[in-house]
Amino acid sequence: MSAILDAITPIMNDSIGVTAARGVFRTLPTSVNASPGALDVVEVRELLMHLETSGRIFSTPGRALPVKRLRELITAGLPAREKVERFGIRTDIDVLTVQRATQALTKSFFSVTDCVRLATAVSELARNIYMYAKSGTVTLKLSEEPTHWCFELEAVDQGPGITNLDVIFSGGYRSRTGLGRGLIGTRALLDDMQVDSAPGRGTRVSGVRRAGRR
Amino acid sequence: MQRTAVESFIPLLRLGHCVFVSVPSELSDSQARFLQDTVSQRLSEAVGVRGLVMDVSALSIVDSFAAKILGETASIARQFGVKAVLVGMRPAVAITLVELGVDLRHVETALTLERALEKLRVRIVSLE
């Protein structure tokens, strides 16, 4: 924490600027060890947005650090740690919880439409778990790549498995719950999706969508 | 399952020959079914209702299940001789539904409440 703060304090115009910079650090969860390189991708992004704004407002004219330099200070030049969230799915309320979590996780990285696409895709997979397998887990992961933000999702259950994957992906299937579009539609909302399932072995669906870094 | 206060309340308003329903911002499966039940019950009891307006402007996520429930509710309304119109869908939701391949062609839609009422041929007559 001190390394980042030490770098910022000298360029701040006055006590207000320094206080603002300190305030930004307080927005981070206290559990985080905010030394360079220790923050995850969401924390880096939020801290950068705050620092960039307060730098513009409070720093001595001409001395505000460019975002690139700020990022190096925060991450020590390394890629930010990925952010992983895991949810157990048992009820329809859990489906809403993962919908919300997906929106919260993606909102400052993806476009509005992409956020809705991803939350909908996650919702479809979570609902499949609660309807067909009774229980399972959904894992959301956000990471940074040199040119892209990368959102990955994984839905795992130990349910009855899927017997007719070919039929489902040919579009000829109509389920009793949705419109038979759950899996095939989810694939359309993602860049890539893989289904691993067999009768009695449960189901594992993983998918990914990327967005250019802005 | 426990029913929360939110879950057991669906805002329904009568406006002339129309019933106006505000779909909550988040729909769990049981809430969606509850919405369908509430609307069906109201339509079967009400006298002289010709139109049902479903306002989905608060809904930020519509997946295939929620879309199915909305479509079914429109079909149920038709059984009672009531024409249903969906109004106020968010652009991102519309794009997602099309990509998802959900077919809502059998449901009448309108961009604004005014256009929805036009489609239902409901006139708001001022008394002045």
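This is a predicted model: local features need pLDDT of at least 70, side-chain atom pairs count only at pLDDT 80 or more; totals for chains, interfaces and linings use all residues.

Next I listed who meets whom. H6(A) brings Val112(A), Thr113(A), Val116(A), Arg117(A) and Thr120(A). H3(B) brings Ala92(B), Val93(B), Ile95(B), Thr96(B) and Leu100(B). By class I find 6 nonpolar, 3 polar and 1 charged in this contact.

**Entry 1: the whole contact between the chains.** I widened the view to both chains. Chain B gives 18 residues to the contact and chain A gives 23. Which elements of chain B give two or more residues to the side that touches chain A? I find helix H1 (29–45), helix H2 (64–79) and helix H3 (91–100) of chain B. H3(B) has the largest share of that side, with 6 residues. I sorted the chain B side by class: 7 nonpolar, 6 polar and 5 charged.

**Entry 2: H6(A) against H5(A).** I went back to H6(A) and turned to a partner within chain A. Helix H5 covers residues 92–106 of chain A, and helix H6 covers residues 112–133. The two pack at about 155°, with axes 9 Å apart. An angle over 145 degrees counts as roughly antiparallel, so H5(A) and H6(A) are roughly antiparallel to each other. Their crossing is right-handed.

I wrote down the residues of this contact. On H5(A) they are Asp92(A), Asp94(A), Val95(A), Val98(A), Gln99(A), Thr102(A), Gln103(A) and Thr106(A). On H6(A) I noted several, among them Asp114(A), Cys115(A), Leu118(A), Ala119(A) and Val122(A). Further along H6(A) the contact includes Arg127(A) and Tyr130(A). The class count for the contact of H5(A) with H6(A) is 8 nonpolar, 5 polar and 4 charged residues.

**Entry 3: H6(A) against H8(A).** Helix H8 spans residues 182–189 of chain A. Is its crossing with H6(A) left-handed or right-handed? I find the crossing of H6(A) and H8(A) left-handed. The packing angle is about 155°, and the axes lie 9 Å apart. H6(A) and H8(A) are therefore roughly antiparallel.

From H6(A), I listed Arg117(A), Thr120(A), Ala121(A), Glu124(A), Leu125(A) and Asn128(A). They meet Gly182(A), Gly185(A), Thr186(A) and Leu189(A) in H8(A). This contact has 3 nonpolar, 5 polar and 2 charged residues. I checked two names against Entry 1. Arg117(A) and Thr120(A) are in both lists, facing H3(B) and H8(A).

**Entry 4: domains of chain A.** I looked up how chain A is divided. Domain 1 runs over 2–75 and domain 2 over 83–212. The contact between them takes 4 residues from domain 1 and 7 residues from domain 2. On the domain 1 side I count 2 nonpolar, no polar and 2 charged.

**Entry 5: confidence.** The complex has an ipTM of 0.86 and a pTM of 0.84. For chain B the mean pLDDT is 87, and 88% of its residues reach 70 or more.

Note on methods
Residues are numbered from 1 along each chain as its sequence is written. Chains are lettered from A and ligands numbered from 1 in the order in which they are written. Domain bounds come from an automatic or database domain assignment. Two residues are in contact if their C-beta atoms, placed from the backbone, lie within 7 Å. Ala, Val, Leu, Ile, Met, Phe, Trp, Tyr, Cys and Pro count as nonpolar, Asp, Glu, Lys and Arg as charged, and the others, Gly among them, as polar. pLDDT is the predictor's confidence in each residue, from 0 to 100. Axes are lines fitted to C-alpha atoms, for helices over the stretch in contact, and angles run from 0 to 180 degrees between N-to-C directions. Helices (H or I, at least four residues) and strands (E, at least two) are DSSP runs, numbered from the N terminus. Angles under 35 degrees count as roughly parallel, over 145 as roughly antiparallel, 65 to 115 as roughly perpendicular and the rest as oblique. A crossing is left-handed if the near helix is turned anticlockwise from the far one by less than a right angle, and right-handed if clockwise.
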